[in-house]
Amino acid sequence: MMASFPLLSAVLLAPIAAAVLLCFISPKAVQSVRVISAAAMTVALALTLFAFFSYDLSVGGMQFTEDVPWIHDLGVHYSLGVDGISLPMLLLTELIGLASVFASWRIEKRPKEFYILLLILIAGVTGTFIARDLFIFLLCYEVVVIPIYIMVIIWGSTKRVTKEYSAMKLTIYLLMGSAFMLVGVVALYLQAFPPELRTFDMDTLAMAAQMGNFSEEFQIFAFFLLLLGFGSLLSMFPFHSWSPDGYAGAPTAVSMIHAGVLKKIGGDGLIRLGLLVLPLGAKFWAPLIAGLAIINVMYAAYIALAQKDLKYVIGYSSVSHMGYVLLGFAALNVVSISGAVANMVAHGVMSALFFAMIGNVYEKTHMRSVTELRGLAHQMPRASVGFMLAGMASLGLPGLIGFIPEFTIFVGSFSVYPVFAVIAISGIIFTALYTLRMLAKVLFGPRDSYFDKYTDARGVEMMPLVILGIALVGFGVFPQLLMGVVGTGVEPLLPLLDSIKDAPTVLGGIG
């Protein structure tokens with residue numbers, strides 16, 4: 001299957017090549033900078049779509065694989081591949097990456113530097129989803145952190161919190177998460193095999209677990225380290241507070257990538273590394289994760305009700321939605337995990353669309369407060385469509401991308417945590433309250449002549465709505481396009497999940 005063509009390398013290198021090319025472009029050639037960036041991401045998205053629709057569902061497993069020895073002494077390989085879990089994440093990254101390029105089209109302050117950093121950021125996130133070698137994964141993750149800090153400091157907005165505060169808080173949490181991840185990964189690397197056989201390959205480490213190379217106590221300890229790292233990324237309570245503040249201070253493109261794909265590195269890592277390599281650790285901590293997931297769902301949704309800044313509303317909404325993902329993971333069955341993976345894609349699309357529309361309105365009005373904006377559907381009907389699509393998807397409206405994933409999570413988790421599942425379902429009421437309240441105040445009501453001077457989204461500004469809107473409606477009307485691919489990645493976990501069914505949990509101890 002295109003074995004002679006390094007498809008995933010091409011997807012990874014497209015934004016990197018564009019970033020290098022931009023270094024040689026004059027800062028005054030702003031239009032060329034924009035066009036090159038958009039062209040690179042269009043190529044990356046086209047290649048990803050080819051991979052998505054060419055993925056052989058009957059075979060499943062890792063496909064489009066590449067493997068080149070790199071650092072022999074450490075057992076590091078330049079190893080790439082995608083399966084039914086990582087391929088949807090890759091598609092999500094390239095969709096939001098292209099949309100974020102168009103959402104930044106009107107940036108006037110140092111656009112060349114902005115797009116270089118944006119392309120590097122997208123490449124780093126892309127690498128984390130397609131890496132099969134943990135060394136490459138960590139390398140790509142570290143590449144993500146620095147561009148984010150610089151972009152928030154220079155191009156961020158200041159409202160409720162300063163952009164400097166947002167950038168520092170965000171960076172500290174991301175680095176803290178990476179520190180725990182690094183310790184966990186090093187522990188896996190040293191424990192799995194004797195020195196002459198050591199490797200960072202994820203599949204080989206999973207085989208080491210099956211061979212009994214990791215004791216039960218080690219798995220519990222190592223998974224806890226990974227949970228702290230990936231949980232921080234996933235905005236798991238109590239490591240969630242960086243998320244809303246980070247969104248509030250970040251420029252539109254960074255908010256889109258943060259909410260849309262950066263958090264999903266945490267969910268993807270918990271499944272592909274935490275569960276596959278440390279299944280007994282995952283089983284042990286699952287009840288704790290489920291409890292924290294419910295706090296995420298209810299607490300963050302309640303806080304979102306009190307917010308007036310649109311970015312904070314969506315920021316806390318994002319924390320709440322990640323609670324559903326955590327609950328799906330904690331149930332540890334094929335149905336719930338399939339829902340968790342699909343829900344990450346659904347939330348990524350809807351949150352990125354929300355932030356794109358908020359950015360478009362803020363760029364023109366310099367307002368993003370629920371109490372300041374009113375009646376925008378009269379003057380900005382196209383932007384209002386974007387708000388409505390994202391809002392209805394957030395509510396789980398049937399026919400949009402969020403319905404099937406959330407329903408699947410509820411079905412899968414109810415058989416394991418029935419009380420938690422019922423509480424999580426009731427969280428939809430809070431979601432409806434803050435979402436409908438926001439849409440009613442901002443979009444509807446009497447026409448306000450003050451906003452007549454502002455133009456609606458048009459031309460290039462419509463591209464984020466078109467790109468993300470098609471995905472939001474397409475995967476909603478044809479959910480099997482997404483769920484079919486996800487199923488091929490999750491179903492092979494069934495024997496593993498059955499094998500740990502009777503393992504001890506944090507509630508019962510090791511006994």
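**A guided reading**

Guide: Phe 237 is partly exposed, with a relative accessible area of 25%, where buried means under 20% relative accessible area, exposed means over 50%, and partly exposed lies in between (1.4 Å probe, protein chains only). This is a predicted model, in which local features need pLDDT of at least 70 and side-chain atom pairs count only at pLDDT 80 or more, while totals for chains, interfaces and linings use all residues. Residues are numbered from 1 along each chain as its sequence is written, and side-chain values use heavy atoms, with hydrogens and water left out.

Visitor: How many aromatic pairs does the structure hold?

Guide: Rings of Phe, Tyr and Trp (its six-membered ring) pair if their centres lie within 6.5 Å, and planes under 30 degrees apart count as stacked, over 60 as edge-to-face and the rest as tilted. The structure holds 21 such aromatic pairs. In one of them, the ring centres of Phe 114 and Tyr 115 are 5.7 Å apart and the planes stand at 90°, so the pair is edge-to-face; both Phe 114 and Tyr 115 are buried. The rings of Phe 237 and Tyr 299 have centres 5.7 Å apart and planes at 70°, so this pair is edge-to-face. The latter pair links distant parts of the chain, 62 residues apart, with Phe 237 in the loop between helix H8 (216-233) and helix H9 (242-249), and Tyr 299 in helix H11 (residues 279-305). Tyr 299, at 36% relative accessibility, counts as partly exposed.

Visitor: Which strand does E1 join, and how do the two run?

Guide: Two strands pair if DSSP finds at least two bridges between them. Here, 6 bridges join strand E1 (residues 63-71) to strand E2 (residues 76-82), and the strands run antiparallel; Glu 66 has Leu 80 in E2 as its bridge partner. The hairpin has 4 residues between the strands, and Gly 75 takes a positive phi near 75° there.

Visitor: What span should helix H15 have?

Guide: The expected span of a helix is 1.5 Å times one less than its number of residues. For the 14 residues of helix H15 (residues 381-394) that gives 20 Å, which agrees with the 20 Å between its end C-alpha atoms. Among the buried residues of H15 are Phe 387 and Met 392, and the buried residues of this helix pack against several helices, including helix H12 (310-330) and helix H17 (418-443). Just after H15, Gly 396 takes a positive phi of about 80°.

Visitor: Is Ser 369 buried or exposed, and what does its side chain meet in a polar contact?

Guide: A polar contact is a pair of N or O atoms within 3.5 Å; within protein, one must be able to donate a hydrogen and the other to accept it, and residues adjacent in sequence count only if both atoms are side-chain atoms. Ser 369 is found in the loop between helix H13 (334-365) and helix H14 (376-379), and at 14% relative accessibility Ser 369 counts as buried. Its side chain makes a polar contact with that of Thr 371 (2.8 Å). Contact, by comparison, means heavy atoms within 4.5 Å; leaving aside its neighbours within four places in sequence, Ser 369 is in contact with Lys 308 and Asp 309.
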